[in-house]
Amino acid sequence: MGKVFICDHPLIQHKLTYIRDENTTTKDFRELVDEVATLMAYEITREIPLETIQVKTPVTTTDGKIISGRMLGLIPILRAGLGMVDGILKLLPAAKVGHVGLYRDPETLQPVEYYVKLPTDVLERELIVIDPMLATGGSAIAAIDVLKKRQCTQIKLMCLIAAPEGIKAMQEAHPDIDIYVAAIDDHLDDHGYIVPGLGDAGDRLFGTK
């Protein structure tokens, strides 16, 4: 069974409080999400393997550690996932970025796929699927379905906030996937929104309604 990791660093939790605040402006919301994504990237890359190389310092020659050739791919779920990509790329500038476009049918609450564009070497990369909200789990499950249909096997999921219902649905659909979140909230309301949540992440990132 995939594990659930709560990224509870004080800086993440501090910034998440202002992300939740309805009075936070679009500009500040976008900047805070970017910053939290950078901080969460430290946690999600904690177990990347290292190898030892020799490096010459101004004083002597010594052994040093570098990342062991593991290539990463970022897969934001459009459109809200885009708000976290730049923050992760600050730490992982060599990562390639693919996109999965999904929208939620307002009647059925089920995801509908409308766009998929992945790196050509996607099968060689460890992939991080990115979506600020794991609510019903439908979009994240569908995005991972898209990747697995293309034979991708190294996948993690990264979200700001998750509902217990979304985590349960994800674990049932994809029990091999590790989930990284900044917070697990209380429940979903009748409209499929996370409570207490932060509203619609896409609208708050891009200033739309």
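Buried means under 20% relative accessible area, exposed over 50% and partly exposed in between, with a 1.4 Å probe and protein chains only. The views below come from a predicted model, in which local features need pLDDT of at least 70 and side-chain atom pairs count only at pLDDT 80 or more, whereas totals for chains, interfaces and linings use all residues. Residues are numbered from 1 along each chain as its sequence is written, and side-chain values use heavy atoms, with hydrogens and water left out.

**View A. A salt bridge joins Lys156 and Glu126, both of which are buried.** The two side chains meet at 3.4 Å, N to O, a salt bridge being a side-chain nitrogen of Lys or Arg within 4 Å of a carboxyl oxygen of Asp or Glu. Lys156 belongs to strand S10 (residues 155–162) and Glu126 to strand S8 (residues 126–130), so the pair ties together parts that are 30 residues apart in sequence. Helices (H or I, at least four residues) and strands (E, at least two) are DSSP runs, numbered from the N terminus.

**View B. Helix H1 (residues 10–20) and helix H2 cross at roughly 155°.** Their axes, which are lines fitted to C-alpha atoms over the stretch in contact, with angles running from 0 to 180 degrees between N-to-C directions, come within 9 Å. H1 is therefore roughly antiparallel to H2, where angles under 35 degrees count as roughly parallel, over 145 as roughly antiparallel, 65 to 115 as roughly perpendicular and the rest as oblique. Because Lys15 lies in helix H1 and Glu35 in helix H2, the pair ties together parts that are 20 residues apart in sequence. Lys15 counts as buried at 17% relative accessibility, whereas Glu35, at 31%, counts as partly exposed.

**View C. Helix H2 (residues 26–44) packs with helix H3 (residues 82–89) at an angle of about 50°.** The two axes are 7 Å apart, and H2 and H3 are therefore oblique to each other. In the loop between strand S4 (72–78) and H3 lies Arg79, which counts as partly exposed at 33% relative accessibility.

View D. Glu172 counts as exposed, at 56% relative accessibility.
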